[in-house]
Amino acid sequence: MLEEKLKALDRQYAELEARLAAPETYDDPARVARLNKEQRDLEPVVTAYRTYVRRQKDLADAQALMSDPDMKELAQEEYQAAKADLERLVEEIRILLLPRDPNDDKNVIVEIRAGVGGEEAALFANSLYRMYCMYAESRRWQVEVDSVSETELGGVKEICFTIQGDGAYSRLKFESGVHRVQRVPETESGGRIHTSTVTVAVLPEVDEVDFALNPADIEMQVFRSSGAGGQHVNKTSSAVRLIHKPTGTVVECQQERSQFQNRDRAMQILRSRLYEEKVREQADAVTSQRRSQVGTGMRNERIRTYNFPQGRLTDHRVGLTLYRLDSVMNGDIDEIIDALITADQAERLKHQEQGG
């Protein structure tokens, strides 16, 4: 059954190649973009399958050569290598065939809020924002701040920003939850370690096709931007607040100079928040559905601890502990993200095997 599915995907990929090679295809740019995306999505699994077929032939050839005394030793080496490759490829293909999260290719909207701990929590919220900015820079993604509420000591009570880049949601979706920090605050004279918390929410940036809003449900207010910005900020009511009346959800955007730009960004954030809430309600309604240990959004779930005195980071969902907190705070978080993705894949494979 698995082999038949893979053969069908291989044929589908070959058909896409043929269609993309046809000159008439390029009369329709939208069709070209769609076909290219379909081909990119299929390419990893088809490449793995074709390698699997080739290594199956290598295995059979090596087995046939074992009867030749002169070739037996070499054939046995090739047989073992091909066998190991086939086992690895089977696992790789099973993971590649798992249903993809439709939001994985999307940009993300990240909301960071200081929790318990007053000014120390606000300072750490700013540190997390810096960490994500440095990670985005390492992947050549773009970061745009949508709204920010700063404190006098350089912290942030809350900040909302957008990260634009290929696969941003697929890499950052497991960052949602409560991040706990343990360190000696700069304001602490006695050298005592304080524990503070910061909440992070990662939302896929969705468009009107994914989630439509009824304009009658939205109240718009305009006000003057606060914070740095010179005379323009003081004189112009360019900041926008949107209130979604049915749910009471409030979104503010004040970073753009134009009221219209701020309104568009606020609409984008509102749409993403309401979409996330709808998806969560649907998941909660299916009571038999597994609740992943990795999770992607329980804002009250403590997911990670940053212990500065010991230079230690612990992700509680996968039991990962790293003793290089400085590099993590400078955006080196791929190892954590990879561990979370691997754990999620393993759990989904287990769920699939159980027939859930």
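A salt bridge is a side-chain nitrogen of Lys or Arg within 4 Å of a carboxyl oxygen of Asp or Glu. Arg55, Asp58, Glu78, Asp85, Arg88 and Glu92 are linked in a network of such salt bridges. In total, the structure holds 32 salt bridges.

The model is predicted: local features need pLDDT of at least 70, side-chain atom pairs count only at pLDDT 80 or more, and totals for chains, interfaces and linings use all residues. Residues are numbered from 1 along each chain as its sequence is written, and side-chain values use heavy atoms, with hydrogens and water left out.

Helices (H or I, at least four residues) and strands (E, at least two) are DSSP runs, numbered from the N terminus. Buried means under 20% relative accessible area, exposed over 50%, and partly exposed in between (1.4 Å probe, protein chains only).

Helix H2 spans residues 29-65. Asp41 forms a salt bridge with Lys37, with the closest N and O atoms 2.9 Å apart. These two residues are 4 apart in H2, so about one helical turn separates them. Asp41 is partly exposed at 35% relative accessibility. Lys37 is partly exposed at 36%. Asp61 forms a salt bridge with Lys57, at 3.0 Å between the closest N and O atoms. Asp61 and Lys57 are also 4 residues apart in H2. Lys57 is exposed at 53%, whereas Asp61 is partly exposed at 37%.

Arg304 forms a salt bridge with Glu175, the closest N and O atoms being 2.7 Å apart. This pair links distant parts of the chain, 129 residues apart. Arg304 lies in strand S9 (residues 302-307), and Glu175 in the loop between helix H5 (168-172) and strand S4 (177-183). Arg304 is buried at 1% relative accessible area. Glu175 is buried at 2%.

Helix H4 covers residues 118-138. Buried residues of H4 include Phe124, Leu128, Tyr132 and Cys133. Most residues other than glycine have a negative phi. Arg140 is not a glycine. Arg140 is exposed at 77%.

Strand S7 (residues 239-244) has 5 of its 6 residues buried. Two strands pair if DSSP finds at least two bridges between them. S7 pairs antiparallel with S6 (residues 218-223) over 6 bridges, where Gln221 stands opposite Arg241. S7 also pairs antiparallel with S8 (residues 249-253), over 5 bridges. There, Leu242 has Val251 as its bridge partner.

Key:
The expected span of a helix is 1.5 Å times one less than its number of residues.
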